[in-house]
Amino acid sequence: MSQLVSRLVEQRCPVSVPCGAASASAAWTQYLADGVLPVTIALTRGSTELDVGIEPGQAVEQVQTNVVRVQGHLILDDVPLRAIVELDLETLRGFAQLQAGSLG
């Protein structure tokens, strides 16, 4: 496991999700439709941008007003990871916890 992956797995990481010219709500709706959530992890040199594949079924749940938890998967430095992202829907900012493990 690379040093980057080890560091990101060890802690909750602040993240943001781009929305471009669209509103946060419109961007969120499009990401759900696409099944991919692009996240930028701020704890890396230059910020690491990753695409989290949203898992079907119960992958998205509301945990507070305007805050959702998204579960998905990604591969970073050839390591399959599970991602649990808590995201404020008004700002598209939040935290992610990465876990090493299979994508199955």
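Glu 86 has a relative accessible area of 27% and is therefore partly exposed; buried means under 20%, exposed over 50% and partly exposed in between, with a 1.4 Å probe and protein chains only. The model is predicted, so local features need pLDDT of at least 70 and side-chain atom pairs count only at pLDDT 80 or more, while totals for chains, interfaces and linings use all residues. Residues are numbered from 1 along each chain as its sequence is written, and side-chain values use heavy atoms, with hydrogens and water left out.

**Salt bridges**

Glu 86 takes part in a salt bridge with Arg 69. The term stands for a side-chain nitrogen of Lys or Arg within 4 Å of a carboxyl oxygen of Asp or Glu. This pair links distant parts of the chain, since Arg 69 lies in strand S5 and Glu 86 in strand S6, 17 residues apart. A search of the whole structure finds two salt bridges, and they are listed here.

| Residues | Distance, N to O |
|---|---|
| Glu 61 and Arg 69 | 3.6 Å |
| Arg 69 and Glu 86 | 2.7 Å |

Arg 69 is partly exposed at 23% relative accessibility, and Glu 61 is partly exposed at 35%.

**Overall fold**

The protein chain has two helices and seven strands. These elements are DSSP runs numbered from the N terminus: helices are H or I with at least four residues, and strands are E with at least two. Along the sequence their pattern is α-β-α-β-β-β-β-β-β. The radius of gyration is 13 Å, close to the 13 Å that the globule rule gives for 104 residues, so the chain is as compact as a globular protein of that length. That radius is taken over C-alpha atoms, and the rule is 2.2 Å times the number of residues to the power 0.38. The C-alpha atoms fill a box of roughly 35 × 30 × 25 Å along the principal axes. Of the 104 residues, 38% count as buried.

**Strand pairing**

Strands pair if DSSP finds at least two bridges between them. Strand S6 (residues 79-88) and S7 are antiparallel and share eight bridges; in one of them, Ile 84 has Gln 97 in S7 as its partner. The two strands form a hairpin with four residues between them, and Leu 92 in the turn has a positive phi of about 55°. Strand S7 (residues 93-100) also runs antiparallel to strand S1 (residues 13-16), to which four bridges join it. Here Val 15 stands opposite Gly 94.

**The nonpolar core**

In soluble globular proteins, nonpolar side chains tend to be buried together. A nonpolar core is a set of buried Ala, Val, Leu, Ile, Met, Phe, Trp, Tyr and Cys residues joined through side-chain atoms within 4.5 Å. The largest one in this model has 28 residues, of which Leu 37, Leu 74, Val 85 and Leu 87 touch the most other members. Elements that give two or more residues to this core include helix H1 (3-9), helix H2 (24-34) and strand S5 (67-76). S6 gives the most, with five residues.

Val 85 touches Val 15, Leu 37, Val 68, Arg 69, Val 70, Phe 95 and Ala 96, leaving aside residues up to four places away in sequence. Touching, or contact, means heavy atoms within 4.5 Å.
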